[in-house]
Amino acid sequence: MSDRLMLHDLKPAPGSRKTKIRVGRGNAARRGRKAGRGTKGINARNKLRPGFEGGQTPLSRRLPKLKGFKNPHREEYTVVNVGALDSFGEAAVIGPQTLREKGLAKRRGRIKILGDGELTSALTIKAHAFSASARQKIEAAGGKWEVVG
């Protein structure tokens, strides 16, 4: 039984482990009085706080503060211009699903029609929002616009 290696017999190799020096535990312990920290100053007393720059104005106070705020309730729209809708046929009914299938509205969510470009065919367009110029151009072409909930 004595020739087998047992868990309780394991020891580190001689000289591989050194005992930790306990600083600031009296002069008899070799590291008493100032405990190897030198004389006076912040380093002799305690640790510096993070971001301390030796009395210089720290970076966090030198940089300008952010102005304004970001509205968390802002509604984001995918915009589609009236000129892009002219490729649909005459008297077509165009809804949000149709715009997504054609690749005109790539993102999910609400769709807004803007008045950039020309519209020649009379279309029925359904979207979540319309600009004033888009409404005028749709009506001038003989089409209808409808706001979808």
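This is a chat about a predicted model and the contacts inside it.

Biologist: Before we start, what do I need to know about the numbers?

Modeller: The model is predicted, so local features need pLDDT of at least 70 and side-chain atom pairs count only at pLDDT 80 or more, while totals for chains, interfaces and linings use all residues. Residues are numbered from 1 along each chain as its sequence is written, and side-chain values use heavy atoms, with hydrogens and water left out.

Biologist: Okay, core first. Which residues touch the most other members of the largest nonpolar core?

Modeller: Leu85, Leu99, Ile113, Leu123 and Ile125, out of 18 residues in that core. A nonpolar core here is a set of buried Ala, Val, Leu, Ile, Met, Phe, Trp, Tyr and Cys residues joined through side-chain atoms within 4.5 Å. Buried means under 20% relative accessible area, exposed means over 50%, and partly exposed is in between, with a 1.4 Å probe and protein chains only.

Biologist: And which strands and helix each supply at least two residues of it?

Modeller: Strand E3 (110–114), strand E4 (124–127) and helix H4 (132–140). Those labels are DSSP runs numbered from the N terminus: helices are H or I with at least four residues, strands are E with at least two.

Biologist: What does Leu85 touch?

Modeller: Leaving out residues up to four places away in sequence, Leu85 touches Val80, Ile94, Leu99, Leu104, Ile113, Leu119, Leu123 and Ile125. Contact means heavy atoms within 4.5 Å.

Biologist: Switching to Ala127. Where is it found, and is it buried or exposed?

Modeller: Ala127 is in strand E4. It counts as buried because its relative accessibility is 0%. Its contacts, again not counting residues up to four places away in sequence, are Ile111, Ile113, Glu146, Val147 and Val148.

Biologist: How many Å separate the C-alpha atoms of Ala127 and Pro58?

Modeller: 52 Å, with the two residues 69 apart along the chain.

Biologist: Now the sheet. What's the strand order?

Modeller: It's an open sheet of 3 strands, E1-E3-E5, with parallel pairing. Strand E1 (77–81) and strand E5 (129–130) are the edges, each pairing on one side only. Two strands pair if DSSP finds at least two bridges between them.

Biologist: How many bridges join E1 to E3?

Modeller: There are 5, and the two strands run parallel. One detail: Asn81 has Leu114 in E3 as its bridge partner.

Biologist: Which residues are on the two faces of E1?

Modeller: Thr78 and Val80 make up the covered face, and Tyr77, Val79 and Asn81 the uncovered one.

Biologist: On to charges. How many salt bridges are there?

Modeller: A search of the whole structure finds 4. The test is a side-chain nitrogen of Lys or Arg within 4 Å of a carboxyl oxygen of Asp or Glu.

Biologist: Which residue does Arg110 bridge to?

Modeller: Glu75, with the closest N and O atoms 2.9 Å apart. That pair links distant parts of the chain, since Arg110 is in strand E3 and Glu75 is in the loop between helix H2 (59–62) and E1, 35 residues apart. Arg110 is partly exposed at 29%, and Glu75 is partly exposed at 44%.

Biologist: What about the others?

Modeller: Arg74 and Glu76 meet at 2.7 Å, N to O. Arg74 counts as exposed at 58%, whereas Glu76 is partly exposed at 46%. Arg74, Glu76 and Arg107 are linked in a salt-bridge network. Glu53 and Arg62 also form a salt bridge, 3.1 Å from N to O.
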